[in-house]
Amino acid sequence: MQKIVKVILICLIVVVNTAMRLFAQDAPVQKLDIYILMGQSNMAGRGPITDAIKDEHNDKVYMFTKDRQWVIAKHPLHFDKPSVAGVGPGLTFGIEMAKANSKVKIGLVPCAVGGTPIEHWEPGAYDAATKTHPWDDAVERIKAAMKYGTIKGVIWHQGESNSGGDKPKKYLAQLSELIQRVRTLIGNPDLPFIVGELGRYRPVYANINTELAKLPATIPFTAVATTEGLVHKGDTTHFDGPSAQELGRRFAVKMIQVQQTKNK
């Protein structure tokens, strides 16, 4: 019996040591430039992870996992709905930000929750479909991530759930309040906040895009990433993989532009 216990203990030690070595290989060794990813399903990613996309990564780009560990970022970044999580704009965005500054390492904090209207991104709001509190959960993840570096910006893609009826009329005010709340949480009143247009493939989404276009003139250090020319995966709702990647590149272009303006 003692021999069996001894063997089990040795096996456990080997497993723990192996896990620690693997984490040490993944974990960043310097302070990160951290970016928050927020919104609903197109930020979370629903594009198919094809053979051409599945290996996308950069050794300087990390993701904050569900259990709050830093590992090399890969698809899917998000865990809101594991059975459908796929390619979103976040990873390509992070890679482009890393390319723009070879001296930094990038940390991505996935916070998006598919299907959530902007009303669910308020303090205390509950999303029954995912059994989460999108805003409150994001706050906890952001606070935990901040210990490892500096929050450099937010990318936001949301609005499909608010595109119909009279909802778009309230959207700009709701988004503006959310941006101010994020900046207060971070402690940076000028934190760059980039929003992505909804896909132009569904006419009703133009209602939100019209409101998003007003944002840069309303709140400083914000910008809009266009979705011109991007396509859906066949459901008229979610970007396909290459379009999600291209949106990530466009997010990065706008983020860099706003950061440069901020630093002048």
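Colleague: Which orientation do helix 3 and helix 8 have to each other?

Modeller: First, a word on the model. It is predicted, so local features need pLDDT of at least 70 and side-chain atom pairs count only at pLDDT 80 or more, while totals for chains, interfaces and linings use all residues. Residues are numbered from 1 along each chain as its sequence is written, and side-chain values use heavy atoms, leaving out hydrogens and water.

Now the general idea: two packed helices are described by the angle between their axes and the distance between the axes. Axes are lines fitted to C-alpha atoms, for helices over the stretch in contact, with angles from 0 to 180 degrees between N-to-C directions. Helices (H or I, at least four residues) and strands (E, at least two) are DSSP runs, numbered from the N terminus. Here the axes of helix 3 and helix 8 cross at roughly 45° and come within 7 Å. Helix 3 and helix 8 are therefore oblique to each other. The cut-offs are under 35 degrees for roughly parallel, over 145 for roughly antiparallel and 65 to 115 for roughly perpendicular, with the rest oblique.

Colleague: Which residues of helix 3 meet helix 8?

Modeller: Contact means heavy atoms within 4.5 Å. T92, F93, E96, M97 and A100 of helix 3 meet a set in helix 8 that includes G248, F251, A252 and M255. By class, this contact of helix 3 with helix 8 holds seven nonpolar, four polar and two charged residues. Ala, Val, Leu, Ile, Met, Phe, Trp, Tyr, Cys and Pro count as nonpolar, Asp, Glu, Lys and Arg as charged, and the others, Gly among them, as polar.

Colleague: How many residues of helix 3 are buried?

Modeller: Buried means under 20% relative accessible area, exposed over 50% and partly exposed in between, using a 1.4 Å probe and protein chains only. In helix 3 (residues 90-100), eight of the eleven residues are buried, among them L91, F93 and I95. The buried residues of helix 3 pack against strand 1, strand 2, strand 4, strand 5 and helix 8.

Colleague: In what order do the strands of the sheet stand?

Modeller: Two strands pair if DSSP finds at least two bridges between them. Seven strands form this open sheet, in the order 3-2-4-1-5-6-7 and with mixed pairing. Strand 3 (70-72) and strand 7 (222-225) each have a single partner strand, so one side of each lacks a neighbour in the sheet. On average, neighbouring strands are turned by 30° against each other, direction ignored. As an example of pairing, strand 2 and strand 4 run parallel and are joined by three bridges, and Y62 has G107 as its bridge partner in strand 4.

Colleague: At what angle do helix 4 and helix 5 pack?

Modeller: Helix 4 and helix 5 (residues 167-186) pack at about 30°, with their axes 11 Å apart. That makes helix 4 roughly parallel to helix 5. Residues W135, V139, I142 and K143 of helix 4 meet R181, V182, L185 and I186 of helix 5. This contact of helix 4 with helix 5 has six nonpolar, no polar and two charged residues.

Colleague: And L198: buried or exposed?

Modeller: L198 counts as buried, at 0% relative accessibility. Its place is in the loop between strand 6 and helix 6 (206-212). L198 and N209 are eleven residues apart in sequence and 6.4 Å apart in space, C-alpha to C-alpha. Leaving aside neighbours within four places in sequence, the contacts of L198 include H157, I208, T227 and F239.
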